[in-house]
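Here is a page from my notebook, written while I looked around one model. Follow along with the structure open beside you.

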Amino acid sequence: MAPAATLPTVDARPQKDPRSIPAVPDLDCESYDSEDVLTQDIIEGLKNAGLCVVRQIIKPEVRAKISSELRPYTIDLAPTPGDFWPKETRKLTSMVSKSETYALELVGHPVWQTVGNHFMTSTLKDYWNSEEITTSVSKPQLNNTQGFIIGPGARAQGLHRDDFVHHNRQPYAESHTLGRDTSIAFFLADTPTTRQNGATRFIPGSHLWDYDILPSEEAAVQPELQPGDGVMMLSGTYHGGSRNQTDESRAVWSAVTTRGWLRQEENQYICNDVEKIKKLPIWLQRFCGYEMSKPFMGYVDLDDPIKVLHPGMKGDVDQFY
Ligand SMILES: O=C(O)CCC(=O)C(=O)O
Ligand SMILES: [Fe+2]
(Lines give C-alpha, C1' and ligand atoms only; values in the text may rest on other atoms or scores of the structure.)
(Ligands and ions follow the chains in the order given, each with its own letter.)
Protein backbone atom coordinates (compact mmCIF):
# COMPACT_ATOMS: atom_id res chain seq x y z
CA MET A 1 0.00 0.00 0.00
CA ALA A 2 1.40 3.43 -0.92
CA PRO A 3 2.11 5.62 2.12
CA ALA A 4 -0.63 8.22 2.65
CA ALA A 5 1.97 10.98 2.68
CA THR A 6 2.41 10.64 -1.08
CA LEU A 7 -1.11 12.01 -1.62
CA PRO A 8 -1.29 15.71 -2.56
CA THR A 9 -2.21 18.32 0.04
CA VAL A 10 -4.74 21.07 -0.46
CA ASP A 11 -2.06 23.41 -1.79
CA ALA A 12 -1.41 21.05 -4.65
CA ARG A 13 -4.99 20.22 -5.47
CA PRO A 14 -5.53 20.81 -9.13
CA GLN A 15 -9.15 21.83 -9.21
CA LYS A 16 -9.54 24.91 -7.08
CA ASP A 17 -7.48 27.74 -5.73
CA PRO A 18 -7.15 27.00 -1.98
CA ARG A 19 -7.66 30.71 -1.29
CA SER A 20 -11.24 30.24 -2.47
CA ILE A 21 -12.17 28.47 0.79
CA PRO A 22 -15.79 29.54 1.45
CA ALA A 23 -16.77 31.53 4.54
CA VAL A 24 -18.51 29.56 7.30
CA PRO A 25 -22.24 30.37 7.34
CA ASP A 26 -23.11 31.66 10.80
CA LEU A 27 -26.86 31.82 11.51
CA ASP A 28 -28.54 33.12 14.64
CA CYS A 29 -31.78 31.27 15.44
CA GLU A 30 -33.05 34.25 17.40
CA SER A 31 -33.10 36.36 14.25
CA TYR A 32 -35.46 33.94 12.44
CA ASP A 33 -39.26 34.04 12.77
CA SER A 34 -39.71 30.98 10.62
CA GLU A 35 -38.19 27.54 11.27
CA ASP A 36 -38.67 26.72 7.57
CA VAL A 37 -36.54 29.66 6.47
CA LEU A 38 -33.88 28.76 9.04
CA THR A 39 -33.87 25.16 7.80
CA GLN A 40 -33.49 26.25 4.18
CA ASP A 41 -30.60 28.57 5.08
CA ILE A 42 -28.85 25.74 6.97
CA ILE A 43 -29.27 23.43 3.97
CA GLU A 44 -27.83 26.07 1.62
CA GLY A 45 -24.94 26.70 4.02
CA LEU A 46 -24.16 22.99 4.22
CA LYS A 47 -24.22 22.60 0.46
CA ASN A 48 -21.77 25.49 -0.03
CA ALA A 49 -19.43 25.18 2.95
CA GLY A 50 -19.97 21.64 4.31
CA LEU A 51 -20.78 23.12 7.71
CA CYS A 52 -23.04 25.73 9.23
CA VAL A 53 -22.89 27.39 12.65
CA VAL A 54 -26.36 27.69 14.19
CA ARG A 55 -26.37 30.03 17.19
CA GLN A 56 -28.71 29.21 20.08
CA ILE A 57 -30.30 26.23 18.35
CA ILE A 58 -31.01 24.81 21.83
CA LYS A 59 -32.53 27.10 24.45
CA PRO A 60 -30.53 27.70 27.67
CA GLU A 61 -32.91 25.80 29.96
CA VAL A 62 -32.99 22.79 27.62
CA ARG A 63 -29.20 22.82 27.24
CA ALA A 64 -28.89 22.90 31.02
CA LYS A 65 -31.31 19.97 31.37
CA ILE A 66 -29.39 17.85 28.84
CA SER A 67 -26.22 18.71 30.70
CA SER A 68 -27.63 17.77 34.10
CA GLU A 69 -28.84 14.41 32.74
CA LEU A 70 -25.58 13.55 30.94
CA ARG A 71 -22.96 14.97 33.29
CA PRO A 72 -23.27 12.24 35.96
CA TYR A 73 -22.19 9.73 33.30
CA THR A 74 -19.05 11.73 32.48
CA ILE A 75 -17.48 11.49 35.91
CA ASP A 76 -15.86 8.07 35.63
CA LEU A 77 -15.30 7.75 31.91
CA ALA A 78 -12.44 5.49 30.93
CA PRO A 79 -9.64 6.80 28.70
CA THR A 80 -10.46 6.49 25.00
CA PRO A 81 -8.88 3.50 23.27
CA GLY A 82 -6.46 3.88 20.34
CA ASP A 83 -4.82 7.08 19.17
CA PHE A 84 -7.65 8.71 17.21
CA TRP A 85 -8.34 10.91 20.26
CA PRO A 86 -5.76 12.40 22.64
CA LYS A 87 -5.44 10.52 25.91
CA GLU A 88 -6.98 13.46 27.81
CA THR A 89 -10.21 13.21 25.78
CA ARG A 90 -13.13 11.33 27.30
CA LYS A 91 -16.04 10.13 25.20
CA LEU A 92 -19.61 9.61 26.26
CA THR A 93 -21.63 7.08 24.22
CA SER A 94 -25.11 5.43 24.17
CA MET A 95 -26.62 8.82 24.94
CA VAL A 96 -30.19 8.26 23.73
CA SER A 97 -30.91 6.08 26.73
CA LYS A 98 -28.81 8.19 29.12
CA SER A 99 -30.71 11.45 28.63
CA GLU A 100 -34.32 11.63 27.49
CA THR A 101 -33.91 15.38 26.97
CA TYR A 102 -30.90 14.81 24.70
CA ALA A 103 -32.97 12.25 22.74
CA LEU A 104 -36.05 14.46 22.39
CA GLU A 105 -34.49 17.89 22.03
CA LEU A 106 -31.19 17.28 20.24
CA VAL A 107 -31.62 14.06 18.24
CA GLY A 108 -35.30 14.89 17.75
CA HIS A 109 -34.86 18.62 17.12
CA PRO A 110 -37.30 19.46 14.29
CA VAL A 111 -34.85 21.61 12.35
CA TRP A 112 -32.12 18.98 12.68
CA GLN A 113 -34.52 16.23 11.64
CA THR A 114 -35.58 18.16 8.53
CA VAL A 115 -31.97 18.89 7.58
CA GLY A 116 -31.06 15.21 8.11
CA ASN A 117 -34.03 14.07 6.04
CA HIS A 118 -32.99 16.38 3.24
CA PHE A 119 -29.46 14.99 2.94
CA MET A 120 -29.90 11.37 4.10
CA THR A 121 -33.12 10.15 2.50
CA SER A 122 -32.44 7.68 -0.33
CA THR A 123 -34.94 7.07 -3.11
CA LEU A 124 -34.52 4.01 -5.33
CA LYS A 125 -36.53 5.05 -8.32
CA ASP A 126 -38.32 2.89 -10.86
CA TYR A 127 -36.71 -0.51 -10.24
CA TRP A 128 -38.11 -3.88 -11.24
CA ASN A 129 -39.17 -5.68 -8.06
CA SER A 130 -39.86 -8.97 -9.89
CA GLU A 131 -43.48 -8.12 -10.67
CA GLU A 132 -43.61 -4.41 -11.40
CA ILE A 133 -41.74 -1.14 -11.50
CA THR A 134 -41.46 0.30 -7.99
CA THR A 135 -39.97 3.27 -6.19
CA SER A 136 -38.76 2.81 -2.60
CA VAL A 137 -37.83 5.47 -0.08
CA SER A 138 -35.31 4.65 2.65
CA LYS A 139 -35.57 7.04 5.59
CA PRO A 140 -32.52 8.19 7.57
CA GLN A 141 -31.56 6.69 10.92
CA LEU A 142 -29.39 7.52 13.91
CA ASN A 143 -25.72 6.69 13.26
CA ASN A 144 -24.13 7.50 16.62
CA THR A 145 -24.29 9.64 19.73
CA GLN A 146 -21.16 11.07 21.29
CA GLY A 147 -20.03 13.45 23.98
CA PHE A 148 -16.55 14.85 23.31
CA ILE A 149 -14.91 16.03 26.49
CA ILE A 150 -11.46 17.41 25.72
CA GLY A 151 -9.42 17.59 28.90
CA PRO A 152 -6.71 20.13 29.79
CA GLY A 153 -3.42 19.48 28.02
CA ALA A 154 -4.94 17.48 25.14
CA ARG A 155 -3.14 17.72 21.80
CA ALA A 156 -5.04 18.58 18.64
CA GLN A 157 -6.82 15.67 17.01
CA GLY A 158 -5.77 15.14 13.39
CA LEU A 159 -8.07 16.53 10.71
CA HIS A 160 -10.25 13.80 9.25
CA ARG A 161 -13.55 13.03 7.53
CA ASP A 162 -16.09 11.09 9.60
CA ASP A 163 -17.50 9.34 6.55
CA PHE A 164 -14.54 6.96 6.25
CA VAL A 165 -16.54 4.63 8.52
CA HIS A 166 -18.89 4.04 5.59
CA HIS A 167 -16.02 3.72 3.07
CA ASN A 168 -17.19 6.90 1.36
CA ARG A 169 -14.79 8.19 -1.29
CA GLN A 170 -15.83 10.90 -3.72
CA PRO A 171 -14.31 12.77 -6.65
CA TYR A 172 -14.05 16.56 -6.78
CA ALA A 173 -17.39 18.32 -7.33
CA GLU A 174 -17.86 21.91 -8.43
CA SER A 175 -21.06 22.05 -6.39
CA HIS A 176 -22.91 19.76 -4.02
CA THR A 177 -25.40 17.18 -5.27
CA LEU A 178 -27.64 14.96 -3.17
CA GLY A 179 -26.28 11.43 -2.78
CA ARG A 180 -22.65 12.40 -2.13
CA ASP A 181 -22.84 12.08 1.65
CA THR A 182 -23.20 9.06 3.90
CA SER A 183 -23.78 10.97 7.14
CA ILE A 184 -24.36 14.37 8.69
CA ALA A 185 -23.41 15.57 12.17
CA PHE A 186 -24.89 17.96 14.73
CA PHE A 187 -22.52 19.25 17.43
CA LEU A 188 -23.89 21.17 20.41
CA ALA A 189 -21.62 23.17 22.70
CA ASP A 190 -22.24 22.39 26.37
CA THR A 191 -19.35 24.56 27.55
CA PRO A 192 -17.98 27.53 25.64
CA THR A 193 -15.67 26.25 22.92
CA THR A 194 -12.75 28.58 22.24
CA ARG A 195 -9.45 28.61 20.36
CA GLN A 196 -7.77 28.07 23.73
CA ASN A 197 -9.86 25.15 24.98
CA GLY A 198 -10.15 23.08 21.81
CA ALA A 199 -12.98 24.40 19.59
CA THR A 200 -13.35 22.07 16.60
CA ARG A 201 -11.33 22.98 13.48
CA PHE A 202 -13.07 22.65 10.10
CA ILE A 203 -11.98 23.11 6.49
CA PRO A 204 -14.94 24.82 4.80
CA GLY A 205 -15.60 23.53 1.31
CA SER A 206 -13.57 20.34 1.79
CA HIS A 207 -16.75 18.23 1.42
CA LEU A 208 -16.44 18.93 -2.33
CA TRP A 209 -12.74 18.12 -2.68
CA ASP A 210 -11.45 15.02 -4.33
CA TYR A 211 -11.08 12.58 -1.42
CA ASP A 212 -7.45 11.95 -2.44
CA ILE A 213 -6.55 15.45 -1.26
CA LEU A 214 -5.03 15.61 2.21
CA PRO A 215 -6.09 18.32 4.67
CA SER A 216 -3.86 21.26 5.50
CA GLU A 217 -4.00 23.10 8.82
CA GLU A 218 -3.67 26.47 7.05
CA ALA A 219 -7.07 25.96 5.42
CA ALA A 220 -8.82 25.22 8.75
CA VAL A 221 -11.06 27.67 10.63
CA GLN A 222 -12.12 27.41 14.25
CA PRO A 223 -15.55 28.89 14.98
CA GLU A 224 -16.01 29.57 18.69
CA LEU A 225 -19.29 28.59 20.33
CA GLN A 226 -21.27 29.51 23.41
CA PRO A 227 -23.32 26.87 25.26
CA GLY A 228 -26.45 26.19 23.19
CA ASP A 229 -24.74 27.04 19.88
CA GLY A 230 -24.51 24.24 17.36
CA VAL A 231 -22.61 23.27 14.25
CA MET A 232 -24.11 21.04 11.56
CA MET A 233 -21.62 19.37 9.24
CA LEU A 234 -21.70 17.05 6.26
CA SER A 235 -19.40 14.24 7.34
CA GLY A 236 -17.18 14.57 4.28
CA THR A 237 -15.91 17.91 5.66
CA TYR A 238 -12.42 17.77 7.16
CA HIS A 239 -12.48 18.63 10.86
CA GLY A 240 -10.95 17.67 14.19
CA GLY A 241 -11.00 18.48 17.88
CA SER A 242 -8.30 20.96 18.89
CA ARG A 243 -5.64 21.45 21.52
CA ASN A 244 -6.85 22.36 25.00
CA GLN A 245 -4.41 24.84 26.52
CA THR A 246 -6.67 25.76 29.46
CA ASP A 247 -7.24 24.03 32.78
CA GLU A 248 -10.94 23.36 32.08
CA SER A 249 -12.56 20.64 29.96
CA ARG A 250 -14.36 21.47 26.72
CA ALA A 251 -17.63 19.54 26.23
CA VAL A 252 -19.61 19.06 23.03
CA TRP A 253 -22.58 16.67 22.59
CA SER A 254 -23.19 15.30 19.13
CA ALA A 255 -25.60 13.17 17.13
CA VAL A 256 -24.99 11.84 13.64
CA THR A 257 -27.60 10.76 11.09
CA THR A 258 -26.93 8.25 8.32
CA ARG A 259 -28.79 6.56 5.50
CA GLY A 260 -31.29 3.85 6.40
CA TRP A 261 -29.41 1.17 4.47
CA LEU A 262 -25.98 1.73 6.00
CA ARG A 263 -24.70 0.14 9.18
CA GLN A 264 -24.97 2.29 12.30
CA GLU A 265 -21.54 3.34 13.61
CA GLU A 266 -22.79 2.91 17.17
CA ASN A 267 -24.91 -0.19 17.49
CA GLN A 268 -28.12 1.34 18.85
CA TYR A 269 -29.90 -1.99 19.38
CA ILE A 270 -27.23 -3.30 21.72
CA CYS A 271 -25.81 -0.16 23.36
CA ASN A 272 -29.03 1.27 24.77
CA ASP A 273 -31.31 0.35 27.63
CA VAL A 274 -34.28 -0.84 25.60
CA GLU A 275 -36.78 0.07 28.33
CA LYS A 276 -35.70 3.71 27.97
CA ILE A 277 -35.98 3.50 24.17
CA LYS A 278 -39.56 2.22 24.52
CA LYS A 279 -40.54 5.40 26.37
CA LEU A 280 -39.56 7.68 23.47
CA PRO A 281 -42.13 8.72 20.85
CA ILE A 282 -42.60 5.92 18.31
CA TRP A 283 -41.14 7.97 15.45
CA LEU A 284 -37.96 8.47 17.47
CA GLN A 285 -37.75 4.76 18.33
CA ARG A 286 -37.96 4.09 14.61
CA PHE A 287 -35.25 6.69 13.98
CA CYS A 288 -33.01 4.83 16.45
CA GLY A 289 -33.16 1.86 14.08
CA TYR A 290 -36.43 0.05 14.80
CA GLU A 291 -37.64 0.64 11.28
CA MET A 292 -37.13 -1.03 7.94
CA SER A 293 -35.20 0.61 5.18
CA LYS A 294 -37.11 -0.06 2.00
CA PRO A 295 -36.73 -2.27 0.13
CA PHE A 296 -36.30 -5.23 2.48
CA MET A 297 -33.61 -4.11 4.95
CA GLY A 298 -33.86 -4.76 8.67
CA TYR A 299 -36.94 -6.97 9.04
CA VAL A 300 -37.48 -9.27 12.01
CA ASP A 301 -39.39 -12.43 11.17
CA LEU A 302 -40.24 -10.73 7.87
CA ASP A 303 -42.05 -8.00 9.75
CA ASP A 304 -41.65 -4.43 11.00
CA PRO A 305 -38.92 -4.39 13.72
CA ILE A 306 -40.88 -1.90 15.86
CA LYS A 307 -43.06 -4.90 16.82
CA VAL A 308 -40.13 -6.36 18.75
CA LEU A 309 -40.51 -3.43 21.15
CA HIS A 310 -44.32 -3.34 20.97
CA PRO A 311 -45.70 -6.80 20.10
CA GLY A 312 -49.34 -5.64 19.90
CA MET A 313 -48.62 -2.83 17.48
CA LYS A 314 -49.98 -3.00 13.95
CA GLY A 315 -46.68 -2.06 12.31
CA ASP A 316 -46.09 -1.11 8.71
CA VAL A 317 -48.24 -3.35 6.51
CA ASP A 318 -46.46 -2.37 3.32
CA GLN A 319 -43.15 -3.29 4.90
CA PHE A 320 -40.99 -4.56 2.04
CA TYR A 321 -41.16 -1.88 -0.67
O1 LIG B 1 -14.10 16.93 19.65
C2 LIG B 1 -14.27 17.48 18.56
O3 LIG B 1 -14.30 18.70 18.43
C4 LIG B 1 -14.44 16.66 17.30
C5 LIG B 1 -14.19 15.19 17.51
C6 LIG B 1 -14.27 14.43 16.24
O7 LIG B 1 -14.38 14.96 15.19
C8 LIG B 1 -14.25 12.95 16.25
O9 LIG B 1 -13.86 12.35 17.25
O10 LIG B 1 -14.61 12.35 15.21
FE1 LIG C 1 -14.83 13.58 13.58
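Donors here are N, O and S atoms within 2.8 Å of the metal (3.2 Å for Na, K and Ca), and water is not among the atoms, so sites may look incomplete. I found the protein donors to be His-160 (NE2), Asp-162 (OD) and His-239 (NE2), at 2.1 to 2.2 Å from the iron ion.

A note on ground rules: this is a predicted model, where local features need pLDDT of at least 70 and side-chain atom pairs count only at pLDDT 80 or more, while totals for chains, interfaces and linings use all residues. Residues are numbered from 1 along each chain as its sequence is written, chains are lettered from A and ligands numbered from 1 in the order in which they are written, and side-chain values use heavy atoms, with hydrogens and water left out.

Which distance did I note between an oxygen atom of ligand 1 and the side chain of His-160? I wrote down 3.1 Å, to an N or O atom of His-160. For Trp-85, I noted a polar side-chain atom 2.6 Å from a ligand 1 oxygen. For Thr-200, I again wrote 2.6 Å from a polar side-chain atom to an oxygen of ligand 1.

Last, I listed residues around ligand 1 (a heavy atom within 4 Å), including Phe-84, Gln-157 and Arg-250.

How values were computed:
A polar contact is a pair of N or O atoms within 3.5 Å; within protein, one must be able to donate a hydrogen and the other to accept it, and residues adjacent in sequence count only if both atoms are side-chain atoms.
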